[in-house]
Amino acid sequence: MTAAPPLASADRCLPNGGLPAAASLPSPSAVGGHIAARGLCIELGRGADRFEALHDVSFEVEPGEFVCLLGPSGCGKSTLLGALAGHVDPSRGALSVDGAPVAGSGPERGLVFQHHTLFPWLRVVDNVAYGLRMRGVARAERRERASRLLEQVGLREFARHYPAQLSGGMQQRVEIARVLINEPRVLLMDEPFGALDALTRLHMQELLVRLWSARRPTVVFVTHDIDEALFLADRILVLGPRPGRLVDVLPVPAPRPRTADWLTDPRFGRLKRHCLALLRHEERQEPLERLSPIGLPEVSPPSWRFAS
Amino acid sequence: MSAVLDAPRAVAPPRAAAGPRRRAAWAGRARAAALATLSLVACLALWHLAATRHWDLGVLSFRLVPPPLEVLQAAWDLLHSPRLAQHLGYSLWRVASGFVAAAILGIVLGLLIGRLRWARAGLLPPLEVLRPIPAVAWIPLSILMFPSSELSMIFITFVGALFPVLLNTVHGAEAVDRRLVAAARSLGTRPDRLFLQVVLPSAAPAIVTGLSIGMGTCWFCLVSAEMISGQYGIGYYTWASYTVQDYASIVVGMLLIGVLGMGSSVLIRAGGRALMPWQRIVEERA
């Protein structure tokens with residue numbers, strides 16, 4: 001697997017600046033999409049419980065860029081991700097991918113959840129091949145393509161297993177493969193490694209960077225882990241809580257491929273201290289409830305019920 | 001690489017522990033089987049005593065109850081009679097057709113009601129009114145409504161099975177994980193395919209439970225229907241035995257119904273397990 005050349009960091013800070021490195025890749029459908037948010041506000045809840053989860057957020061993400069949304073729990077970063085995925089509707093403002101307003105969900109914007117959402121009734125290989133089935137790809141071909149992708153995430157031998165038979169890290173790898181098979185232009189990830197142990201998380205981060213380098217989708221990665229954001233991101237968008245708003249935008253100047261050296265680089269320490277100061281400043285007394293990329297649960301109970 | 005580190009959860013328990021644990025499990029199962037047999041034998045013995053000694057407990061009298069051996073003899077006779085196949089054939093046909101109709105309608109309506117607001121508002125109120133009416137209460141009207149008594153009996157079994165299937169399907173469809181639905185949408189599932197791809201398999205365990213309960217109610221509704229309007233069938237056989245004072249055959253009919261009801265429920269559950277191999281894994285992890 002060959003890593004794509006690192007982007008010039010200066011280009012990434014400019015809106016619409018720089019040619020996406022992914023343009024040179026052979027598969028044009030896998031090239032990352034351009035994301036633009038302008039004056040984005042999102043309100044959640046009903047009636048008196050309604051609150052503003054996101055307030056006047058504007059940013060752009062370049063094609064093929066790896067962006068981390070960093071912020072404390074409940075600051076609205078998952079809600080923003082849900083809006084990008086098309087599961088949460090913005091109240092005000094505009095959100096577009098490749099110039100087209102986001103309307104509903106679709107396979108070109110793949111979403112990876114914190115806890116896997118694999119279909120328990122499908123074997124691993126069929127879970128991965130699911131997107132192809134929805135597109136009408138013949139069974140033999142989709143199984144073959146799914147197997148190839150499983151090989152890339154190191155799970156070829158587990159193709160015939162059911163999701164419940166895998167460990168958390170493996171489930172998450174299958175979840176990523178299931179999204180990648182659709183060759184999404186945008187990969188949206190909601191704290192995908194947050195529930196994994198430290199060592200597994202490290203492996204998963206390396207795997208993700210490898211997969212991203214080979215395909216170059218635009219990645220929006222939600223995390224509250226500063227180290228994770230600094231290791232993965234080209235650029236970090238720092239969000240503050242209630243209402244969620246953009247507090248700072250930090251380019252990460254480390255070249256790729258990144259190694260353990262970067263973790264001990266003085267610039268890494270400086271950025272980390274800066275992030276910590278930002279988050280500490282923004283943090284409230286009590287942590288807020290975690291929000292989900294699919295909005296709040298249904299509040300109104302069904303009016304008619306079988307009395308049983 | 002990392003596959004070595006985060007090994008699958010599916011690994012068998014360490015070999016050393018497997019032996020004693022399996023032996024303990026065997027011992028436990030053997031004890032349970034012994035207890036079950038003992039209780040069955042005790043019941044039979046009690047029945048034998050009560051019937052042969054003509055126990056009279058005031059409100060409850062065993063004077064006319066046939067003892068087990070007489071019942072066994074009657075069962076033996078029925079087994080060698082051509083009527084058995086006829087009775088069985090009719091009963092099985094009625095249960096099967098009523099059950100299949102109830103399963104199809106119950107699952108389709110249940111999925112709609114469980115997932116769609118308009119279906120809930122439009123379909124649930126009349127069903128809620130009809131649900132508490134026992135299937136037996138439908139017998140007079142069904143005789144009036146259907147041209148043949150055969151159809152009216154099938155209708156009764158249908159009514160009996162419909163509500164358990166419907167109810168469980170509604171609950172199953174309501175309980176579908178929203179995250180799975182969102183994930184399916186993000187993977188390119190159109191709304192019309194969502195039902196077959198996500199809602200139905202998610203609700204499948206609840207539906208199988210409903211089918212298994214519905215199968216049981218099917219049998220007892222069939223028996224009531226056959227007692228009133230029938231010429232063949234196990235229920236008819238039971239009732240006819242009473243009218244000709246063949247008391248041993250009553251018990252044979254009763255036991256036959258019990259065995260058939262249990263057998264068909266077991267069949268449904270086995271079918272469910274065969275169709276949902278993932279379910280056992282999920283349950284084991286829970």
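Predicted model: local features only at pLDDT ≥ 70, side-chain atom pairs only at ≥ 80, totals over all residues.
A:Asp56 is partly exposed, as 15 other C-beta atoms lie within 10 Å.

View 1. A:Asp56 is found in strand 2 of chain A. Its phi is positive, about 45°, although A:Asp56 is not a glycine.

**View 2. A:Gly93 sits in strand 4 of chain A.** Which residues does A:Gly93 contact, leaving aside its neighbours within four places in sequence? They are A:Ala37, A:Arg38, A:Gly39, A:Leu40 and A:Cys41. A:Gly93 itself lies in strand 4 of chain A and is partly exposed, with 17 other C-beta atoms within 10 Å. A:His55 is 38 residues away from A:Gly93 in sequence, and their C-alpha atoms are 9.7 Å apart in space.

**View 3. Helix 2 of chain A is mostly covered.** Nine of the nine residues of helix 2 (residues 77-85) of chain A are buried. Among them are A:Lys77, A:Ser78 and A:Thr79, as well as A:Leu80 and A:Leu81. Just after this helix of chain A comes A:Gly86, with a positive phi of about 90°.

**View 4. Strand 7 of chain A is largely enclosed.** Five of the five residues of strand 7 (residues 186-190) of chain A are buried, so the rest of the structure largely encloses this strand. How do the side directions divide along strand 7 of chain A? A:Val186, A:Leu188 and A:Asp190 point one way, while A:Leu187 and A:Met189 point the other way. Strand 7 of chain A pairs with strand 6 of chain A in the parallel sense over four bridges, and A:Val186 in strand 7 of chain A is the bridge partner of A:Arg109. Strand 7 of chain A also runs parallel to strand 8 (residues 218-223) of chain A, and five bridges join the two. In that pairing, A:Leu187 stands opposite A:Val219 in strand 8 of chain A. From strand 7 the chain crosses through helix 7 to strand 8 of chain A, making a right-handed β-α-β crossover.

**View 5. A:Glu191 lies in the loop between strand 7 and helix 7 of chain A.** Is A:Glu191 buried or exposed? A:Glu191 counts as buried, with 23 C-beta neighbours inside 10 Å. Phi of A:Glu191 is near 40°, a positive value in a residue other than glycine.

**View 6. Helix 6 of chain A is largely enclosed.** Helix 6 (residues 168-180) of chain A has 13 residues, and its first and last C-alpha atoms are 18 Å apart, close to the 18 Å expected at 1.5 Å a residue. Twelve of the 13 residues are buried, so the rest of the structure largely encloses helix 6 of chain A. The buried residues include A:Arg173, A:Glu175 and A:Arg178, along with A:Val174 and A:Ile176.

**View 7. Chain A meets chain B.** The contact takes 37 residues from chain A and 32 residues from chain B. On the side of chain A that touches chain B, strand 6 (109-112), helix 4 (130-134), helix 6 and helix 7 (198-215) of chain A each give two or more residues. By class, this side of chain A has 19 nonpolar, 15 polar and three charged residues.

**View 8. A cis peptide bond joins A:Arg256 and A:Pro257.** Omega of this bond is about -5°. A:Pro257 belongs to the loop between strand 10 (245-251) and helix 9 (260-263) of chain A.

Note on methods
Residues numbered from 1 in each chain as written. Chains lettered and ligands numbered in written order. Expected span 1.5 Å × (residues − 1). Buried ≥ 20, exposed ≤ 12 C-beta atoms within 10 Å, placed from the backbone. Contact = placed C-beta atoms within 7 Å. Nonpolar A, V, L, I, M, F, W, Y, C, P; charged D, E, K, R; others polar. Pairing = 2+ DSSP bridges. Right-handed = clockwise from strand over helix to strand, strands pointing away.
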